[in-house]
Structure formats: C-alpha cells, structure tokens
Amino acid sequence: MGLKQVPDVWVDVQVSGTRMDVGAPSVGSSGGHASSTPPANLDALDKAQTLRVKLSGWASLLPQLHPFGEPPVIAAWLLTQIPDIRKQPWAGDLLQELQESLQECRLATDRAAERITLGQCWNDIDGGRCEATVTAVNGARVARCKECGATSDVRTRQQWLLSEAWEAAAPLPVILRALRIVGTEVKPKDAENWVSRGKVIACIHEDGGKTYQLNAMRRVHEQMQAKRERRVTREKLSSIA
Ligand SMILES: [Zn+2]
C-alpha cells in the first residue's frame with residue numbers, strides 16, 4: 001500500500017535535499033554535466049517534511065503506542081498494524097495521501113538530483129545473476145537494485161566502473177570528475193598546463209572537440225606528485241643543513 005516504498009523514497013529525498021556536492025562524481029551518468037542546482041534543496045526538504053508529518057499523524061490516530069523516529073521507522077511499524085488500520089474509517093484517506101506524498105517526494109528527488117548509473121547488478125538470484133542496471137541519486141552512499149533489492153556501496157561500484165575504464169577517453173571536465181571519485185584531485189589549470197606542455201596528449205576529433213585518456217592524466221598526476229614530494233624533501237633537508 002505504499003508503506004514499503006517509504007524507506008527508499010525517504011533516503012533519496014533526504015539525499016537530494018541536503019546534497020552539497022552538486023556536479024560531483026558522475027561516471028556513467030546519463031547527463032555528465034555539472035548542474036546549477038543550489039546546494040540545499042528546499043523543495044525536496046519540504047516534501048520530505050510533509051511525508052514525515054503525515055506518517056506520524058496517521059500513527060498517532062491508532063490507539064496503540066507508536067514508536068517515534070524517522071519515516072522508515074514509522075512506516076515499518078504501520079506495516080505491522082495493517083489489520084487494525086483496515087478497520088479505521090480513514091484507511092482509504094491514508095492510502096491516497098501517502099501515495100500523493102511519496103509521489104511528491106519522488107518528483108522533488110528527480111528535479112533535484114541527477115541519477116547516476118552504476119553498472120549491472122550481478123547479484124546472485126535463483127542460480128542466475130541479476131542483470132538489472134543499478135542506479136542511485138547522485139550523492140547517495142548506498143545504491144539499491146530496483147529489481148532484486150540488493151544494496152551496494154556507491155563508491156565501491158564507481159571505483160569498479162573506473163577500473164574497467166582506465167583506457168577510456170573523455171573531455172577534460174569528465175576526466176577530472178572521474179579522477180575525483182578515486183580520490184585524485186587534479187586542478188583544471190594543472191591539467192591544461194600538462195596538455196600544453198605535451199605531457200598529456202589530446203585526441204582531436206573531427207568536430208574540433210578534444211578528449212583525453214583517463215589513464216594518461218592519472219599517470220602524469222602521479223609523476224608530478226612524486227616530483228613535488230622530492231622537491232619538498234630536498235628543501236627540508238637543505239634548511240636543516
Ligand atoms: Zn539486482
């Protein structure tokens with residue numbers, strides 16, 4: 001009756017509402033470009049608040065003592081009370097309002113967040129493997145397969161996708177975002193500098209667009225990092241002397 005969807009919808013709308021890393025990692029993303037959404041999404045937070053108020057409102061209408069907590073807790077408890085809820089004259093209203101509220105949350109989530117795709121699920125199910133594509137709201141830590149319900153760590157999945165994509169080439173902003181996922185922060189200025197010095201070779205396409213190889217950018221970054229560290233050590237040593 002919709003109560004089972006509360007945990008998923010709640011997590012997504014919370015992530016969208018409080019997302020601070022707009023335009024951050026999105027390897028395999030459908031969009032791939034940074035969005036101009038403000039850091040905190042008031043629309044999503046507002047819809048989440050409505051869902052919270054509605055659920056605790058319904059819970060308090062039952063004579064039984066209900067737990068306090070986040071909507072997933074209340075929803076889980078309401079699920080255990082279904083036989084009682086069915087006897088209430090407001091059961092139909094609950095269903096309708098709950099569905100409306102969940103739908104509002106979903107829409108707010110979609111407006112706020114770019115969904116990222118995280119490769120195929122590959123979870124073991126009934127002797128086979130789940131072939132559904134796993135997606136998550138950008139900024140979420142845990143992804144959940146809509147097909148089989150398996151959960152997985154978003155970062156681990158992104159790193160796995162990246163390890164499969166080291167040979168891939170893409171425009172500079174995409175390459176820099178991808179590197180950030182694996183914890184490699186490359187400043188756009190540095191990258192442009194390496195390109196102009198020929199350390200990273202651009203592939204120039206017919207339409208004039210340029211792409212760079214992920215692996216090449218990472219290698220140059222590591223070389224530069226090592227060089228910088230050697231210089232710092234040298235300077236420290238000479239200041240001691
Ligand atoms: Zn699955």
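These legends go with a handful of close-up views of one predicted model. As it's a prediction, local features need pLDDT of at least 70 and side-chain atom pairs count only at pLDDT 80 or more, while totals for chains, interfaces and linings use all residues. Residues are numbered from 1 along each chain as its sequence is written, and side-chain values use heavy atoms, with hydrogens and water left out.

**View 1. The protein chain as a whole has 9 helices and 9 strands.** Helices (H or I, at least four residues) and strands (E, at least two) are DSSP runs, numbered from the N terminus. Of the 241 residues, 37% count as buried, meaning under 20% relative accessible area; exposed is over 50% and partly exposed lies in between (1.4 Å probe, protein chains only). Take the contacts with a separation of 6 or more: residues 24 or more positions apart account for 58% of them. Contact here means heavy atoms within 4.5 Å.

**View 2. Four cysteines hold the zinc ion.** The SG atoms of Cys121, Cys130, Cys145 and Cys148 coordinate the zinc ion at 2.3 to 2.4 Å. Donors are N, O and S atoms within 2.8 Å of the metal (3.2 Å for Na, K and Ca), and since water is not among the atoms, sites may look incomplete. Angles of 103 to 116° between the 4 donor atoms make the arrangement tetrahedral; for four donors, that label requires all angles to lie between 85 and 135 degrees. Along the chain, the donors are spaced C-x8-C-x14-C-x2-C. Cys121 sits in the loop between β1 (115-120) and β2 (124-125), and Cys148 in the loop between β5 (142-144) and β6 (151-153), so this pair ties together parts that are 27 residues apart in sequence. Cys121 is buried at 9% relative accessible area, while Cys148 is partly exposed at 27%.

**View 3. Strands β7, β9 and β8 make an open antiparallel sheet.** The order is β7-β9-β8, and two strands pair if DSSP finds at least two bridges between them. Each edge strand, β7 (169-170) and β8 (203-204), has a single partner, so one side of each is left without a neighbour in the sheet. β7 and β9 share 2 bridges, with Ala170 opposite Tyr212. Another 2 bridges join β8 to β9 (residues 210-213): Cys203 partners Thr211, and Ile204 stands opposite Lys210. β8 and β9 form a hairpin with 5 residues between them, and Gly208 in the turn has a positive phi of about 90°.

**View 4. Helices α2 and α3 pack at about 35°.** The axes of α2 (residues 42-61) and α3 (residues 71-80) are 10 Å apart. Axes are lines fitted to C-alpha atoms, for helices over the stretch in contact, and angles run from 0 to 180 degrees between N-to-C directions. On the α2 side, the contact is made by Arg52, Leu55, Ser56 and Ala59; α3 brings Pro71, Ile74, Trp77 and Leu78.

**View 5. Helix α7 is largely enclosed by the rest of the structure.** In α7 (residues 172-181), 7 of the 10 residues are buried: Leu172, Ile175, Leu176, Arg177, Ala178, Leu179 and Ile181. These buried residues pack against α6 (154-163), β7, α8 (188-196), β9 and α9 (214-240). Just after α7 comes Gly183, with a positive phi of about 80°.

Terms used. Four donors count as tetrahedral if all angles lie between 85 and 135 degrees; four count as square planar and six as octahedral if opposite donors are over 155 degrees apart and all others between 65 and 115; anything else is irregular.
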